[in-house]
Amino acid sequence: MRFSPQHRMMLSALAAVATVSGAVPSFAQNPEFRAMWASRYEWPDANEAACKATIDAIMQDLADANFNAVFFQIRGQADTLYPSPEEVWSVLIGGTDPGWDPLAYAVQAAHSRGIAFHAYINTHPCWQSSSQAPPPNPNHLFYAHCNAADPAHRDWLHHNVPDNPVQFSESEYVWMAPGVPDFQAYVRRQVLYVVENYDVDGVHFDRIRTPWSNQPSYDPISLARYNSPWGNPDGLDFTQWTTDQITRNVRDIYAAIMAVRPEVVVSAAVYSNPLTAPTNQNQDALTWANTGGMDMLVPMMYFTGGAGSTWDSRLQLWLSGAPDRQVVAGHSTSQGTTSLLQQVELTRLRGGHGNAIFSWSSFDGWSDYIASVYATPAGLPTMAWKTSPTTAVIYGYVTGIGGQPLADANLIRSGSDYVALSTGDGFYSFLLVAPGTYNLDVSHSGYAPATATNITVAAGDVVRHDISLTTMLPPVIAEIEPDPDSAIVGVEYTRQLTLAQGDAESWTLLSGPSGAAVDATGRVYGWTPTVSDLGQVFPFSVQAANLAGSDTEGWSVQVAGVPPCARWLATDFEGYDPGVRVMFNLPRYSGSTLNDLATTPNVAEVSADAPAFGGSQSLKVQWEWIDTDPQRWMRLTTSNAPHVPNPTITLDRPVRVRLRAESGRFRLAIGIRETGTSAEIGENGGTSGSIEWVGAASDDNGAPQGVLVEPMPGVWQTFVFDPLTDPIHGMTGDGTLYTPTNKGVLEHIAFSIVDSAGPITVYIDDIELLCGTPPFGDMDGDGDVDPGDYPLWAACMLGPNVSVGPECEAADADGDTDVDLRDFQLLTTILAP
């Protein structure tokens, strides 16, 4: 137990003195939410008596210190600390049925002491293991849906790129893909079981997001839905779509809870920055709250800061962003008791609804709390939208022939343009519905549309209306354009077919070249053209079928050589007035490295001070680090720069930078943001997406350890960063450079300290996107040099002193820009047995 009997007597005395003397601090607040997290690593024990004793100690500690709520973890990794009809027992309590119900005991222990019990549930992890070992229980959900080693049982598993399931990622968790309808229905079912079978006061979600190390998920189910107008009716980009999938799941869970126990409080522990989390973690908590899917938000602001600090500004962002729901500030014991007390007072001053601390076993501020901020008990804040609701909820299930649940039915309520989507079990929901009578227009790719009429709701109602679609439509494959399509020698041909009508229960490849196949989503794959196929045209034919009929679509594919590549010059800094910022912001612009840099110098401007690499101008950059700590670095970012902002590049071509290092040693890398833009090369590609470092194999507490640059005053040095051959290390990403469009943004150049704080002066010129240079002789890009490369090589042999284009760089062995007899001699040496 946290308190000894003597300690408890002292706390009671402190409370009595405070009450009698009127010494309650001026910033006391009542009502107020006062919570503590108790994680699954703090209370379970295979020994029943020991486990019960710990539960009792947690609840008694909270009651003695005038806390009034607990976030008590009962589900961490698709296993449970209560008897679940679908999930196995957690290994933390022995992995088998302990013969008693820990959750029922914990709820009673909390309520008997006046503590509100919120069941703390991790939603999106499938498993966790610090040793990356699989679950010991073969009945764990992992083996049904999350096993990367088993292609038939990884349909819910997070993929960092197409066809690449990730077994373990952030915090050694196995993560589930939020865009899979059957997963969405499953996690809602787990939450509902707890709400319906236990007297919990609330449910509290954590890890209700994607892993920050590799988001979003490019699993086949999510990609197929994203690319379908039925699964993506608002035409969102993939990051937005993934975020929206979590938001929709939150709303559906809320509606389902309201249908059975509308008094239950729904809350979530969320990332601290509401402006970046929708992109970086696919977690749009403000939208959850503002669209009726959440009663209470608990931002995890686990850092110090008082009035006027980043902590303060974050809290105010949450309060102003969700004015109609409760915001409880989340803290960590690692901040120290002084910081915690200061932030409780600041939360009250800003109008927050309370505070929560992570977590029970490491908290040592009991006496300080009872002597100051929690000197007297406090009630829980009321929630007017629950006690006196002014809106209603409509929910139900959409089914097809034979009662089959239909996912991705599109439902539109009269008077609104919001499109609800049914999920894996056909569930749909509308929240914050004004009293009145409504129609629901229902459409689905596989069925004729229908309308449900005269659905009447009053304030506070939670109305269920199930919908059955009865007229199945035969599949019609959408016209394939262009026709003929094109394929490239040495590159696998893929084509995602879509349906203009109906659903396909099966896809069949009727004709195509050897190796070609079609999967269950209509994706054609498996054929890689060879040099012998160059110039030929290959016919394809595919059939889609269901119970209502079938459709066949044909098209042709012409095989071409590798297309020519043109180098692209981002900027040479010519044509701008001296002093203008071009492509890059000032060194101190980026919040990531602002605190690593001295206030002066702070220069990034076009300059003619030094001879340029080409022309008369370059970019002069000056900064100084605050000290020689090896974690210092400078992020010279293109983010929304005045000229050439966020330049789009492709992810398979090298970036070349000309640089003069006038003073100071440093390490150099580039940061590429995975925006997935469809913009043309050089155009503004946006600011959303994870960032990967190219040219750095590691980091030192956040400082990328790229190529070492020695100062060479007056000398232009050349640095090439090749995403295909250089090391890639995640800044905010997962160390894999990928987007569906094969495009991103050159987000920054990274300069990391070596041994001198500076000041540092560099000049930058001629930033170019190059054509990749394959290994000499490998003309078809298949990774080897063999007789199949000869026809392409021969086409490049134009003789001495005749410059060749980028498509012939692999044939130019001696690098003299022509392809002649000398290059041929080197090629035959390579081909010799």
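Trainee: What counts as a polar contact?

Mentor: A polar contact is a pair of N or O atoms within 3.5 Å; inside a protein, one of them must be able to donate a hydrogen and the other to accept it. Keep in mind that this is a predicted model.

Trainee: Thanks! Which side chain does Ser445 pair with in a polar contact?

Mentor: The side chain of Asp503, and the polar contact between the two is 2.4 Å.

Trainee: And where does Ser445 sit in the chain?

Mentor: Look in the loop between β17 (436–444) and β18 (447–457).

Trainee: Is Ser445 buried or exposed?

Mentor: Ser445 has 11% relative accessibility, so it counts as buried, the cut-off for buried being under 20%.

Trainee: What else is Ser445 in contact with, leaving aside its neighbours within four places in sequence?

Mentor: Besides Asp503, Ser445 is in contact with Trp230, Leu473, Gln501 and Gly502.

Trainee: Let's zoom out. How many helices and strands does the protein have?

Mentor: There are 15 helices and 44 strands. The radius of gyration is 31 Å, close to the 28 Å that the globule rule gives for 833 residues, so the protein is as compact as a globular protein of that length.

Trainee: What box do the C-alpha atoms fill?

Mentor: Roughly 100 × 75 × 50 Å, taken along the principal axes.

Trainee: What share of the residues is buried?

Mentor: Of the 833 residues, 53% count as buried. The accessible surface comes to about 31900 Å², and 51% of that belongs to carbon and sulfur atoms.

Trainee: How many positive and negative side chains are there?

Mentor: The protein has 40 positive and 92 negative ones, and the centres of the two sets lie 9 Å apart.

Trainee: What about contacts along the chain? How many of them join residues at least 24 apart?

Mentor: If you take contacts between residues at least 6 apart in sequence, 74% join residues at least 24 apart.

Trainee: Back to serines. Where is Ser90?

Mentor: Ser90 lies in the loop between β2 (69–75) and α3 (102–111). With 3% relative accessibility, Ser90 counts as buried.

Trainee: What does the side chain of Ser90 reach?

Mentor: It reaches the backbone nitrogen of Leu92, at 3.0 Å. Leaving aside neighbours within four places in sequence, Ser90 is also in contact with Asp79, Thr80, Leu81 and Gly95.

Trainee: Now backbone geometry. Which peptide bonds are worth a look?

Mentor: Most peptide bonds are trans, and most residues other than glycine have a negative phi. Here the bond from Phe358 to Ser359 is cis, with omega near 0 degrees. Ser359 is in the loop between β12 (354–358) and α12 (366–371). Another cis bond joins Glu481 and Pro482, with omega about -5 degrees.

Trainee: Where is Pro482?

Mentor: In the loop between β21 (476–477) and β22 (485–488).

Trainee: And phi? What is the value for Gln132?

Mentor: Phi of Gln132 is near 60 degrees, a positive value in a residue other than glycine. Gln132 is in the loop between β4 (125–128) and α4 (141–145), and its relative accessible area of 43% makes it partly exposed.

Trainee: What about phi of Asp766?

Mentor: Phi of Asp766 is near 45 degrees, positive in a residue other than glycine. Asp766 lies in strand β44 (residues 760–769) and counts as buried at 13% relative accessibility.

Trainee: One more spot: which side chain makes a polar contact with that of Asn164?

Mentor: That of Asn160, at 2.6 Å. Asn164 lies in strand β6 (residues 164–165) and, at 33% relative accessibility, counts as partly exposed.

Trainee: How does Ala277 compare? Is Ala277 buried or exposed?

Mentor: Ala277 is buried, with a relative accessible area of 2%. You'll find Ala277 in helix α8 (residues 277–280). Not counting residues up to four places away in sequence, Ala277 touches Tyr271, Asn282 and Gln283.

Key:
Residues numbered from 1 in each chain as written. Predicted model: local features only at pLDDT ≥ 70, side-chain atom pairs only at ≥ 80, totals over all residues. Heavy atoms only, no water. Helix = DSSP H or I, 4+ residues; strand = E, 2+ residues; numbered from the N terminus. Rg over C-alpha atoms; globule rule 2.2 N^0.38 Å. Buried < 20%, exposed > 50% of the residue type's maximum accessible area, 1.4 Å probe, protein only. Contact = heavy atoms within 4.5 Å. Areas by Shrake-Rupley, 256 points an atom, 1.4 Å probe, with all protein chains shown as cover. Lys, Arg positive; Asp, Glu negative; His and termini not counted. Charge placed at Lys NZ, Arg CZ, Asp CG, Glu CD.
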